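Please walk me through this structure, with the residues and elements that stand out.

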Amino acid sequence: MADLKQELLRTAHAVQHFIEQDSFPAQVFPELLRNAVWDYPLRGGKRLRPALLLWTCGMTGGHCETALPAAAAVEIFHNWTLVHDDIIDRDEVRRGQPTAHIQLRDSAKVRFGGSPEKAAAYGISFAILAGDVQQAWAVHTLMRLSENHVHDSVVLALVRRMQTELNRVLISGEALDVEFELHNPDTVSKEDIFRMISGKTSALLRYSMQAGAAIALQSTDFDSPLQQDIGNFAENLGLAFQIQDDLLGLYGDFKTFGKPIASDFQEAKPTILYREAMDRMNSVQRQELKSMLHLPFYGEEEIQKLRTMIHDCGAEDAVRKLSEDFSGKALAILERFPKNQYRDLLKDLTLMLIGRNI
């Protein structure tokens, strides 16, 4: 795994440098909006989606340097979804720092004064606008593939897929997630949750990897057996990743996870972890678990109680096994590709994502 960490770091640095050097946000005004557009893309992170794109490009015979604009584009695209997602979920922390709308709210208080209500509205409005600009920035960055002599037909196809299929599927997945909040979490099935994850999480992974292969092969044939295998790999990886993320949301460490622990329970989100627990509990246990939803505060005592309940009914182990099953399917698909250093990196990355500390 040492090579994986080094390559992830190298990829992260390359993407960070590319984003820092791009002049697109410099023309945005006013200043607070411009700063917000820069903010999330420059906060760092492992840059998993760019790594998937670049390594798929390498695995299928391309040069990673050629695909760097696309790698930066999917990272910027991912970040606009995070900005909007944080508003929708009313989250106040992202990667250990204030979320965009909270940061903008606080900046408005300092710069303009006024009532807390007006500052909060300003923060939300400007964060929405920042996400909109980031989406335009992602398309602009994607079109810079032409500078690396990628065929215009491939560039156009990737832009079209980003603006039609990816946007449509990803936002539909987000919409399902929002709609679930209006449902009793007990009425949302596992199939519903899987469909939401497929849109909200797997869609961008699938786009990233298929874009990497398209650049390597200079091909717009996304229905080829190779592209179908890549898409199926990404679908299974996304499901495994999100299920693991749900586990981290309860069993993770705040400093590592970057978001409040047990927030899914505070918001009564119908996750696979919650659904699995409810299916395994008796009526008394189910009522007790329901009583742990929507609490105003989750301290160490409340978090430990939830952890014990989920573990003791067998849901923790079952969900961990489910994540491993999806990752196993992904790894089996990966074996169909010629063995090279990039396939090895994708394999190690899959194992790392499923083996994250919880």
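**A guided look at the model**

Arginine 161 lies over the face of phenylalanine 222, at 3.8 Å from the ring centre. A charge counts as over a ring when NZ of Lys or CZ of Arg is within 6 Å of the ring centre and within 35 degrees of the ring normal.

This is a predicted model: local features need pLDDT of at least 70, side-chain atom pairs count only at pLDDT 80 or more, and totals for chains, interfaces and linings use all residues. Residues are numbered from 1 along each chain as its sequence is written, and side-chain values use heavy atoms, with hydrogens and water left out.

Now to the aromatic rings. A search of the whole structure finds six aromatic pairs. Rings of Phe, Tyr and Trp (its six-membered ring) pair if their centres lie within 6.5 Å; planes under 30 degrees apart are stacked, over 60 edge-to-face, and the rest tilted. Tryptophan 38 and tryptophan 137 form an edge-to-face pair, with 5.4 Å from centre to centre and 80 degrees between the planes. Tryptophan 38 belongs to helix α2 (residues 31-39) and tryptophan 137 to helix α6 (residues 116-143), so their pair ties together parts that are 99 residues apart in sequence. Helices (H or I, at least four residues) and strands (E, at least two) are DSSP runs, numbered from the N terminus.

Are these two tryptophans buried or exposed? Tryptophan 38 counts as buried, at 18% relative accessibility. Tryptophan 137 is buried too, with a relative accessible area of 0%. Buried here means under 20% relative accessible area, exposed means over 50%, and partly exposed lies in between (1.4 Å probe, protein chains only). Ring pairs also bring in Phe24, linking Phe24, Trp38 and Trp137 into a cluster.

Next, a helix contact. The axes of helix α8 (residues 190-217) and helix α9 (residues 225-251) come within 7 Å and cross at roughly 140 degrees. That makes α8 oblique to α9. Angles under 35 degrees count as roughly parallel, over 145 as roughly antiparallel, 65 to 115 as roughly perpendicular, and the rest as oblique. The axes are lines fitted to C-alpha atoms, for helices over the stretch in contact, and the angles run from 0 to 180 degrees between N-to-C directions. The crossing of α8 and α9 is right-handed. In a right-handed crossing the near helix is turned clockwise from the far one by less than a right angle; anticlockwise is left-handed. By class, the contact of α8 with α9 has 15 nonpolar, eight polar and two charged residues. Ala, Val, Leu, Ile, Met, Phe, Trp, Tyr, Cys and Pro count as nonpolar, Asp, Glu, Lys and Arg as charged, and the others, Gly among them, as polar.

Glycine 199 lies in helix α8. Glycine 199 is buried, with a relative accessible area of 4%. Its C-alpha atom is separated by 8.6 Å from that of leucine 166, 33 residues apart along the chain.

The backbone deserves a look as well. Most residues other than glycine have a negative phi, and most peptide bonds are trans. Glutamine 218 is not a glycine, yet has a positive phi of about 50 degrees. Glutamine 218 sits in the loop between α8 and α9, and at 26% relative accessibility counts as partly exposed. Histidine 149, also not a glycine, has a positive phi of about 65 degrees. Its place is in the loop between α6 and α7 (152-180). Histidine 149 is exposed, with a relative accessible area of 70%. The peptide bond from phenylalanine 29 to proline 30 is cis, with omega near 0 degrees. Proline 30 is in the loop between α1 (2-21) and α2.

Another proline ends the tour. Proline 296 is found in the loop between α13 (283-290) and α14 (300-312). At 77% relative accessibility, proline 296 counts as exposed.
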